Each structure stands twice: as structure tokens, then as C-alpha cells.
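I opened this model to look up a few local features. My entries follow in the order in which I made them.

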Amino acid sequence: LKCTEKYIYYLSFQSKSDIISTVEFNHTGELLATGDKGGRVVIFQREQESKNQVHRRGEYNVYSTFQSHEPEFDYLKSLEIEEKINKIRWLPQQNAAYFLLSTNDKTVKLWKVSERDKRPEGYNLKDEEGRLRDPATITTLRVPVLRPMDLMVEATPRRVFANAHTYHINSISVNSDYETYMSADDLRINLWNFEITNQSFNIVDIKPTNMEELTEVITAAEFHPHHCNTFVYSSSKGTIRLCDMRASALCDRHTKFFEEPEDPSNRSFFSEIISSISDVKFSHSGRYIMTRDYLTVKVWDLNMENRPIETYQVHDYLRSKLCSLYENDCIFDKFECVWNGSDSVIMTGSYNNFFRMFDRNTKRDVTLEASRENSKPRAILKPRKVCVGGKRRKDEISVDSLDFSKKILHTAWHPSENIIAVAATNNLYIFQDKVN
């Protein structure tokens, strides 16, 4: 589980708009996309292996940057709509171009990212600067030719899926049929066809007739990686519902319901808040579901609904700090979780720029830190430990000295290799296994 820091990308510290809000590898791992609070998408591309150093793995460098969303204003509701990118999801590559979905609170956009290294010359009706020529001056017919030019990466919006969500979009997920995707907000989940922008199908609606009766909201949703009819969504009550679109058009009735009974002895004022699930992910095999709540990561078997088969404590030392975390609103932070390519290790973030890894086979876990102060390029990351009380060792950090403003909410794992991306506020860190 030891990692070597591969490369650190220092994004601008100029404003809050530079805070990274989502990180996502594409299906091959050759591209890595980040979205930020300023509505920008930055794509990094992995360089090819050097011929001189065959065993050296390529580094990620900036490939394309574009403005995905702009701030808007809803005049009917007098509400500002942030440009912040909530989620990015890649589509499998079908040709030379790349496609990805990006969403803010209200609008999902499909982007095409393509390369151009040739330009046409020799137009008949236009001059070289693109202006129309006088037909009277055209006396000969020219055959246009393609001339080499410097490589240019273009990002163009191909579809805009808008006006379908009353509440803030928290999840988007591409279906395994690659023809449809879903978008989820606090109370509804919509199913879209990639070719149709003016119509979507509502597949889940938990909005009560009387909003005063509202007891839970949808926090995350994802399609099954192999079965296009199956998806899950999690709630603020700590429950997970598995739905089958073959059963009915409206999936308000779940097929399976996953919930762990609460231990009455651990009941407290904060129980409902910390049990809210902030992220749900299918394993690559499709057999398991991983959920992240405030203090733990849980792994559920699709065939066992009454309790998780594995529970990992992320930062149990914060139980005594819940009151102060409630007062500074940190208790409402939404941490994400990811699987490695073989589903054997899971990763999630914590405070003080710490992130945690749990090996499901050996049951070992490690705490690592993504920090400019403690990390140099190609240096081996040293495991960190948090001291709860009593005597503190030299290499430990006291729970009272943790910095709660430094939090790792968004992480991503390469689909086939041990390369991870960690977003620590304005910085993107990329780590990989130590290469001998």
C-alpha cells in the first residue's frame, strides 16, 4: 500500500473558484479529468513510455482546459445557479475523439474532446483568411489540400440536457448500454437518452405530496456496471435501494433494500447526520456495493441486505469531536470512495489532507498524507498515525491539531494500475506504486 508521489499539479490559489470539486479517470486511464468550483474542466493526458526508459511509466500533463459551465440566474425563483462542476463521467472511447459528461446543479452537458493537427488550404470560394471571394475573380478550380499544423485540442459541447431538475444534481451515471445515462437530485432520478435533450424519463420520485412530511433525500446514485436495467441510490437515512427498471416504469418500489440496524447504545444527537451516505459505488465485478458515510466505509454483498459484510473505520477518533464538527459544518462534508481495479483495495478521504486505504484481503489499512509540506516528487509517502490521547509518539499527530479546513473529498483510482489521483482543495496529487 505504500505509494510514491508521482507528480503534483499546483493549481492556482487565487480564489475559491479553483477548488477541485470532482476527479475522474477515463476507461483506459490514459486521461484524467478534474472539475472545479469555477466551472472549468482540466484534462490531463498520460505521456507514452519513453523509448530510452522503457520501464518508466508516463507522467500526466495538461491536455486540455475548457469552461464547461457558467454562472446563471433563475429569474422565476430568484436563485443563483453555481457554475461548480459536481460530477464528471467519461463515455467509452468509440473513435479518435473523447466524450465526457459534466454537470453543475441544474444542467448536464456532453462534451467532445478531439485533436486537430491538419488544416485545409486552397478553398475556392474563400481566401486563406476565411473571407468570401468575389465570384467574378474565381477563374480556376483549386483542389483543397490538408497541411500539417501544431496539434490543437478542441472541446465542443455536443448536447445540453437542461430544465429537468428542480433540485440540485448530485450524481450522473452512464449506463452499460452506452445509450442512456441517469441524473439524480435530492428527490428525483431522471433517465436520459444521449440523442434526446428535450425529454427525460422520471424513474424515481420520492417527493411527498406535503413537503413537511419529507424525511429523507437522495444523496447518490449509480448504474450497475454490467446490467443496464439495474441501479442503486442511497439516502440521507443511511439506506441503499436497488432498483430494477424491468419491474415498472417508475422505480419507487425497490427490488432490494440495504440497511444496517442501529445499535441503541451508540444512539446520539448526531446519529442521523453521520449515518447519511455521501457516496455509493458498485464494484467493477458488480457483486458488491461500497458506501461512505461520515465515519465509515461499508461493503455490501448484493445477496445480503440486512448488514454489510465489511465495515472500515475511516476516522473513528472524531467521535469525540462531533459537537465541534457540527458547529463548523464539517459534519456535513460529503466524502467519496473508490475501488481499485481489482476491487481488492478501497480508498477514501479524511481531514488534514489524509486519505485512507483498506486492503480487503489482508485487512491492513494505511493513512497517507497529500501535502506540499511533507511530499516531494518521487518521494515515498510515510504512513501517518493519529494519536487520540495520552503520550504522543514522534511520528504521530494529535487529534486536537488536525486541520479540518484541509479535507480530501474527491479521489480516483486508475482502472487497471496502482495510480491514484487525490484532490486536496486546490491541488491535484497523483501517486503511484514505487517503481524500482
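**Positive phi**

I began with Asn-352, which is buried with a relative accessible area of 8%; buried means under 20% relative accessible area, exposed over 50% and partly exposed in between, with a 1.4 Å probe and protein chains only. This is a predicted model, in which local features need pLDDT of at least 70 and side-chain atom pairs count only at pLDDT 80 or more, while totals for chains, interfaces and linings use all residues. Residues are numbered from 1 along each chain as its sequence is written, and side-chain values use heavy atoms, with hydrogens and water left out.

I looked up Asn-352 for its phi, which is near 65 degrees, a positive value in a residue other than glycine. Most residues other than glycine have a negative phi. Asn-352 lies in the loop between strand S25 (345–349) and S26. Helices (H or I, at least four residues) and strands (E, at least two) are DSSP runs, numbered from the N terminus.

I noted Asn-163 for a positive phi too, near 60 degrees. Asn-163 lies in the loop between strand S11 (145–161) and S12, and counts as exposed at 81% relative accessibility.

**Aromatic pairs**

I searched the whole structure and found 22 aromatic pairs. Rings of Phe, Tyr and Trp (its six-membered ring) pair if their centres lie within 6.5 Å; planes under 30 degrees apart count as stacked, over 60 as edge-to-face and the rest as tilted.

I took Tyr-294 and Phe-335, a tilted pair with 6.3 Å centre to centre and 55 degrees between the planes. Tyr-294 lies in the loop between strand S21 (288–292) and strand S22 (296–301) and Phe-335 in the loop between helix H2 (322–327) and S24, so the pair ties together parts that are 41 residues apart in sequence. Tyr-294 and Phe-335 are both buried.

I then took Phe-355 and Phe-431, whose ring centres are 5.6 Å apart with planes at 35 degrees, so this pair is tilted. Phe-355 belongs to strand S26 (residues 354–359) and Phe-431 to strand S32 (residues 427–433), so the pair ties together parts 76 residues apart in sequence. Phe-355 is buried, with a relative accessible area of 0%, and the value for Phe-431 is 0% as well.

I also listed one aromatic cluster, formed by Phe-161, Tyr-181, Trp-192 and Phe-194.

**Strand S16**

Is S16 buried or exposed? Six of the six residues of strand S16 (residues 218–223) are buried, so S16 is largely enclosed by the rest of the structure. I found five bridges joining S16 to strand S17 (residues 230–235), and the two run antiparallel; strands pair if DSSP finds at least two bridges between them. S16 and S17 form a hairpin with six residues between them, and Ala-221 stands opposite Tyr-233 in S17.

**Helix H2**

I placed Leu-325 in helix H2, where Leu-325 is buried with a relative accessible area of 0%. Leu-325 and Phe-404 are 79 residues apart in sequence and 8.6 Å apart in space, C-alpha to C-alpha.

**Charges over rings**

I checked for a charge over a ring, meaning NZ of Lys or CZ of Arg within 6 Å of the ring centre and within 35 degrees of the ring normal. Arg-360 lies over the face of Tyr-288, at 4.8 Å from the ring centre. Lys-126 lies over the face of Tyr-123, at 5.9 Å from the ring centre.
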